[in-house]
Amino acid sequence: MKTLHKLVALLVIVVLLLPATACGQLGGGGGEVTIGAIFPLTGASTHEGIDERRGVELAVEQINADGGINGKDLKVIFEDSESRPEAGTDAAHKLIDVNKVPAIIGIFSSGVTLPAAAYAQEQGVVMVNPGSTSPKCAEVGDYFFSTIGLDHLMGSEQALLAMREGYMKAAVLVPNNPFGIGMEDWMVKTFEENGGEITTIIEYPLAQTDYRAELQRLFEGDPEAILYTAYGEESKILTKQAMEMGAEAQWIGGYLTMCTGVADPATVEGHIGLEPSYHMPAGEAFTEAFVEKYGEEPGGPFSYLAYDAAWLIALAMREGGTDAESIKNALPKVAKDYAAATGDLEFDANGQRLEQPYDELIYTGGKVSLYNQ
């Protein structure tokens with residue numbers, strides 16, 4: 001009997017010493033289930049990172065009101081990638097090694113996401129990506145999923161938009177990182193295959209305060225259009241300096257709200273471009289709930305994509321269990337039945353979004369609106 005008492009006491013001590021995250025996933029009523037999220041809450045992509053966080057917060061509020069994860073509340077530990085690969089990877093280590101989360105939502109920018117995703121894959125932790133689009137995302141492994149379409153979808157559609165608008169001579173401007181290079185590859189490939197001429201390609205260096213030299217080269221060859229994508233703070237500088245130079249061309253942006261979100265409105269007036277579509281019934285319902293919670297509309301598509309990521313993880317945990325293996329196995333199944341805020345969402349064999357509907361947009365009068373629709 002004494003031995004039994006000692007064994008029970010030892011088990012109680014072990015349970016008390018377990019981290020809160022682990023206790024939340026032992027089963028039974030009450031408690032919490034904890035996952036992680038990494039977003040750029042500071043740095044060049046702060047505008048998008050805050051939008052992503054808000055989308056997840058809204059999803060968690062709805063998930064818990066709907067019964068949580070089989071009676072347990074869902075909790076999210078948020079970490080800041082600082083818009084830097086090193087900080088993003090440090091955040092992944094912290095969530096995986098210390099908090100022991102089975103799944104992470106994140107991050108933003110392929111150059112930040114890919115090294116963190118590699119570590120999550122190595123450790124057998126699910127990552128659902130709402131904001132990185134390099135083709136290399138398809139190579140991470142079976143624990144990595146994307147709610148956003150990759151560059152081959154957006155880059156191609158962006159080139160086709162330019163040609164539908166009648167532009168056959170274009171220059172390309174992208175950040176010099178995996179996201180930018182992926183966009184460039186598909187813009188150029190699609191534009192040239194359809195008879196267009198690319199005059200110049202500029203891969204701009206990140207985090208500079210002066211891009212006049214790059215812009216000077218961009219306009220050599222007199223392009224009719226600029227096929228571009230740029231992170232918010234850098235786009236703010238690029239578009240301001242381009243206007244000061246007086247160079248004229250039609251700017252056509254990939255992820256237009258990202259390109260224009262923090263820019264001086266006068267410098268991006270008349271820019272057109274694309275976004276992952278969210279002007280649909282499920283997206284409108286999200287927008288209404290977002291406005292009710294935050295008092296303003298989302299800044300762009302990334303809050304919708306992060307919201308979808310949070311809901312998919314929750315549905316996968318309800319379906320199969322709260323360990324990483326169960327979440328990974330359930331995600332493709334629950335995605336097919338989920339009414340995503342960003343349209344029909346199905347994963348391909350590599351866990352990447354199979355198709356991505358896009359909205360055509362124009363920036364005018366200080367805001368982004370639907371264009372040609």
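Strand β9 (residues 250-254) and strand β10 (residues 272-276) run parallel and are joined by three bridges; two strands count as paired if DSSP finds at least two bridges between them. Within this pair, Ile252 stands opposite Ile272 of β10. Helices (H or I, at least four residues) and strands (E, at least two) are DSSP runs numbered from the N terminus. The model is a predicted one, in which local features need pLDDT of at least 70 and side-chain atom pairs count only at pLDDT 80 or more, while totals for chains, interfaces and linings use all residues. Residues are numbered from 1 along each chain as its sequence is written, and side-chain values use heavy atoms, with hydrogens and water left out.

The two strands belong to an open sheet of seven, ordered β7-β6-β8-β9-β10-β11-β12, with mixed pairing. Because β7 (197-204) and β12 (367-370) stand at the edges with a single partner strand each, one side of each has no neighbour in the sheet. From one strand to the next, the twist averages 25 degrees. Helix α7 (residues 178-193) packs on this sheet, touching β6 (169-175), β7, β8 (225-228) and β9, where contact means heavy atoms within 4.5 Å. The direction of α7 makes about 165 degrees with that of β6; axes are lines fitted to C-alpha atoms, for helices over the stretch in contact, and angles run from 0 to 180 degrees between N-to-C directions.

Elsewhere, helix α12 (residues 281-294) packs with helix α13 (residues 302-320) at about 100 degrees, their axes lying 11 Å apart. Helix α12 is therefore roughly perpendicular to α13, a term covering angles of 65 to 115 degrees. Gly283, Phe286, Thr287 and Phe290 of α12 meet Ser303, Tyr304 and Tyr307 of α13 in this contact.

Conventions: Angles under 35 degrees count as roughly parallel, over 145 as roughly antiparallel, 65 to 115 as roughly perpendicular and the rest as oblique.
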